[in-house]
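This briefing describes the structure shown below, chain by chain, and then the contact between the chains. Please read the points alongside the sequence and the 3D view.

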Amino acid sequence: MRMAKSAIEMIEICEEMQISLSEYAIRREMEDRGVSREVLMEQMQETLDAMREGATLGREKAVYSLSGLIGGDAFRLEQYLASGKSLMGDGIIKAMAMALSSSEVNGAMGKIVACPTAGSCGILPAVILTAGEQLEKTDEELVMGLFAAAAMGLIIGQNATFSGAEGGCQAECGSAAAMAAGAVVELMGGSPAMSFDAGAIVFKNVLGLVCDPVAGLVEIPCAKRNASGAVSALATADLVMAGVGSHIPFDDALGAMYKVGKGLPEELRETALGGMATTPTGVALKNKVFGNA
Amino acid sequence: MANVGVFDVLGPIMIGPSSSHTAGAARLGKMARTIVGRPIQSVNFLLHGSFKETYKGHGTDRALVAGILGMNPDDVRLRNALDIAKAKGLKVQFTPADLGDVHPNTVKCLITDEVNESWEILGSSIGGGLIEIKEINGDKVKITGEYTTLITCHEDQPGTVAKVSGICHERNINIAFMQLVRSQKGQGATMTLELDGQVASDLTEEIKKVPGVSRVILINPLGGNA
């Protein structure tokens, strides 16, 4: 099979072969690694299981990070959900709770799936699992959704970066939300071109988002950016399924993301030397954690 | 980033909190341990860029040591690695450093092994838990853990490369990527071969017999979630 170097190529290949993004990712991986479809399905099911665990733990009981900077918010949202008072409805609240849960488990040095990174580990599980519940999808279908997300990730990884130290938060949470939106579009019956449109729209909306972790820890503002990324992904999937396209195609949007990321000053690329990290409160929190006050 | 796979994007399954600063660091440590290939007495980690600024908060120190101890990024003992090292008598030290024009997440491991041999291994965590070892004892290499990687240190003389690649040919091993560098004409040279598929470990023994080859290191792929 021809290997796509860009979104436009991947869309062409999928159209030529009449296959989905997930099927592309599976065939490519089988060829590249010389493994069977069964092995890949099993590995992705393990990935889904680990995602589900991380997205659940913090909702069942309050989980706090080792530093104590964050924690208990997923549990708070879960209780809010049960109260039935939410403005935006169950799906969105649950997605935010799941995203926060994974982020809290991560901060607690618990087990998560970096998807694509640990700092952005809440977004894809929250989006896939919430969409799965709304759409009544089986685990087999969700596994396919994850392969679709990975297909878009292959293009991002080849042409840009997932690293906050290189491209800011837009490269981490932005990529996660783009991949998640693309995956949900496929789960909802959208075409590969529509999935990439969803990815492009997400990147537009996070362009310039900096990486500015308070105390250098993947906690503040990362956890809330995971909640926000999950909402953005779900909303964008709805936009695209309603027939709204992206005027700027995915490859262009991705190129812009990468260029903007490289243009960010070092202070705003995971060094904890700018943004929220150096606000008076951010500095005070850092001193509290590391005792440098 | 070069050839990214599905489980590089969705993975690794790991202990938090940071793929580049925790999981990648654990992989760098483990790769350094594999390269040395002998029990390690002490390591001084020279930390550069974002590693230098944020290593404590991300558990980069614990993860690097966990890797040196042979742990994978999803090992729940990772968070106690510093205590485990102390109990095992492994001496570790962390030194902020400027390593020049390298990736922001870079570490140079100054290692002393059990026979008092010194090693300098430089590697970067390039995002999402992916790593690249770039230098061994000052020689440029490229080890990503994606392929089976064979490294030879040998005298810079005609025929050595042909003999090594000939042995691969005889064993029907395909060379995917190849890099050859020498420190000085006629002196030492280092070759990195990335190979397709799994390779029997006795390949190392056979290549060691090639005249002029002083050291052979064989590194297996890290695998999807390892």
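Chain B contains seven helices and 11 strands. Chain A, by comparison, is built from 13 helices and one strand. The model is predicted, and the values below are computed from it.

**Chain B: overall form**

- The 226 residues of chain B would, as a compact globule, have a radius of gyration near 17 Å, and the value for chain B is 17 Å, so the two agree.
- Along the principal axes, the C-alpha atoms of chain B occupy a box of roughly 50 × 40 × 35 Å.
- When contacts in chain B between residues at least 6 apart in sequence are considered, 68% of them link residues at least 24 apart.

**Chain A: overall form**

- Read from the N terminus, the elements of chain A follow the order α-α-α-α-α-β-α-α-α-α-α-α-α-α.
- A compact globule of 293 residues would have a radius of gyration near 19 Å; chain A has 18 Å, and therefore agrees with that expectation.
- The box filled by the C-alpha atoms of chain A is roughly 60 × 45 × 40 Å, again taken along the principal axes.
- Buried residues make up 60% of the 293 residues in chain A.
- Of the contacts in chain A with a separation of 6 or more, 78% are between residues 24 or more positions apart.

**Contact between chains A and B**

- The two chains meet through 42 residues of chain A, which are in contact with 35 residues of chain B.
- On the side of chain A that touches chain B, two or more residues each come from α2 (21-33), α3 (37-60), α5 (90-107), β1 (111-113), α7 (139-159) and α8 (164-167) of chain A.
- The element that gives the most to this side is α7(A), with eight residues.
- By class, the side of chain A that touches chain B comprises 22 nonpolar, 14 polar and six charged residues.

**Strand pairing across the chains**

- β1(A) pairs with strand β1 (residues 13-15) of chain B; the pairing is antiparallel and runs over three bridges.
- Within this topic, one residue position can be located directly: K111(A) stands opposite I15(B), which lies in β1(B).
- β1(A) is also among the elements that give two or more residues to the side of chain A that touches chain B.

How values were computed:
Residues are numbered from 1 along each chain as its sequence is written. Chains are lettered from A and ligands numbered from 1 in the order in which they are written. This is a predicted model: local features need pLDDT of at least 70, side-chain atom pairs count only at pLDDT 80 or more; totals for chains, interfaces and linings use all residues. Helices (H or I, at least four residues) and strands (E, at least two) are DSSP runs, numbered from the N terminus. The radius of gyration is taken over C-alpha atoms; the globule rule is 2.2 Å times the number of residues to the power 0.38. A residue is buried if 20 or more other C-beta atoms lie within 10 Å of its own, exposed if 12 or fewer, and partly exposed in between; C-beta atoms are placed from the backbone. Two residues are in contact if their C-beta atoms, placed from the backbone, lie within 7 Å. Ala, Val, Leu, Ile, Met, Phe, Trp, Tyr, Cys and Pro count as nonpolar, Asp, Glu, Lys and Arg as charged, and the others, Gly among them, as polar. Two strands pair if DSSP finds at least two bridges between them.
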